[in-house]
Amino acid sequence: MARALQLAALGLYSTSPNPRVGCVIVRDGEIVGEGWHQKAGEPHAEVHALRMAGDKARSATAYVTLEPCSHHGRTPPCAEGLINAGVARVVGACSDPNPLVAGRGYNMLRDAGIEVITPCLEAQAIEINRGFMQRMSSGLPLVRIKLAQSLDGRTAMASGESQWITGPQARADVQRLRARSCAIITGADSVLIDNPSMTVRPAETGIEQEQRLWRQPLRVIIDGQQRLSGNEAIFSQAGDILLAQLGDERPLQRAVELGSLSQWSSPQAEDTGRHIDLTALLQHLAQLGCNEVLVESGAQLAGAFVAAGLADELVLYCAPTLLGSNARPLLSLGLDSMNEQIRWQWNDVRMVGNDLKMVLSRTSET
């Protein structure tokens, strides 16, 4: 199963909206077949492993990191493929929360007389598909907020100048965060101030992967005040863009002409004036098949996600530099007393080049 999980991880940047899955087939103590799901619409992990195993799959044991699918989608059911191949036993890491599967895959195998053993290395299997699991169980994607700060907790000068706080290794790490994300959310402020592309640049990731497996995440721009013209650089970059606005607002004609833009109208968030309903936006992205969402924005929007309890993870890069008290803060949060503090728990702390990378998840502790 450990080997199957290694294989599943090969799909970290390419399987969206599908989960990352690996499969290993063992007969008489020897691996006779293995495979991983590479891209949505292409064969699943079990299919690759069974092709490699051939006749040796009969009476063998299949180790799969996620419950084999039991429904016809763009590919046939993997549970059916394992049955037809004559495997004797299937060891599964965890169940699939997808309502189209959810226990049916394992039951199909049992009904065919195949021994099913589960769970095995369940926590590791769930971790590699946290976004998919969350989308299927809650209807919301996993939300990461990427932040870069100085030692004194500042993100940019008062003018908005912010390039560069962190070093090249940290920026390459951010490219990998983008590559694994289904969507990247930013605000109109960031687009107007930084004029970013918000794209994945494969050469900067340090990842060796077939060209056909690279994809650009959906770029989501929140523009509740209609400040963008459509002439900004982001609209002429490769990849799709979703513009989140309020109500039936004017299209950005220039962006429409470039063919990269779709628009989504948000219900107005309660008691917040003319602001986008962030929960509704995340629900919409989940319906589009987004498992993992990365927020790369200024302090105002990032703070709004945190204040609304919608941020699952913070990825914070701290550079060994000081920007001073006039520089911009990390997050805009209107907290006035200690009992309002928002606590997080440490998941990982490591050096990335000369910068410190800290990964935290939200905790209910106060």
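Modeller: A strand is a DSSP run of E with at least two residues, a helice is a run of H or I with at least four, and both are numbered from the N terminus. In this predicted model, Glu232 has its place in the loop between β9 (218–222) and β10 (241–246).

Biologist: What is Glu232 in contact with, leaving aside its neighbours within four places in sequence?

Modeller: Contact requires heavy atoms within 4.5 Å. By that criterion Glu232 is in contact with Val191, Leu192 and Asn195.

Biologist: What is the phi of Asn195?

Modeller: Phi of Asn195 is near 50 degrees, a positive value in a residue other than glycine. Most residues other than glycine have a negative phi. Gln226 also has a positive phi, near 55 degrees. The place of Gln226 is in the loop between β9 and β10, and Gln226 counts as partly exposed because its relative accessibility is 27%.

Biologist: Which peptide bond joins Ser16 and Pro17, cis or trans?

Modeller: The bond between Ser16 and Pro17 is cis, with omega about 5 degrees. Pro17 is found in the loop between α1 (2–9) and β1 (22–27). The peptide bond from Thr118 to Pro119 is cis as well, with omega near 0 degrees, and Pro119 lies in the loop between β5 (115–117) and α5 (122–128). Most peptide bonds are trans.

Biologist: How many helices and strands does the protein have, and why is it called as compact as a globular protein of its length?

Modeller: The protein has 12 helices and 16 strands. The globule rule gives 21 Å for 366 residues, and the radius of gyration is 23 Å, close to that value, so the protein is as compact as a globular protein of that length. Buried residues make up 51% of the 366 residues.

Terms used
Residues numbered from 1 in each chain as written. Predicted model: local features only at pLDDT ≥ 70, side-chain atom pairs only at ≥ 80, totals over all residues. Heavy atoms only, no water. Rg over C-alpha atoms; globule rule 2.2 N^0.38 Å. Buried < 20%, exposed > 50% of the residue type's maximum accessible area, 1.4 Å probe, protein only.
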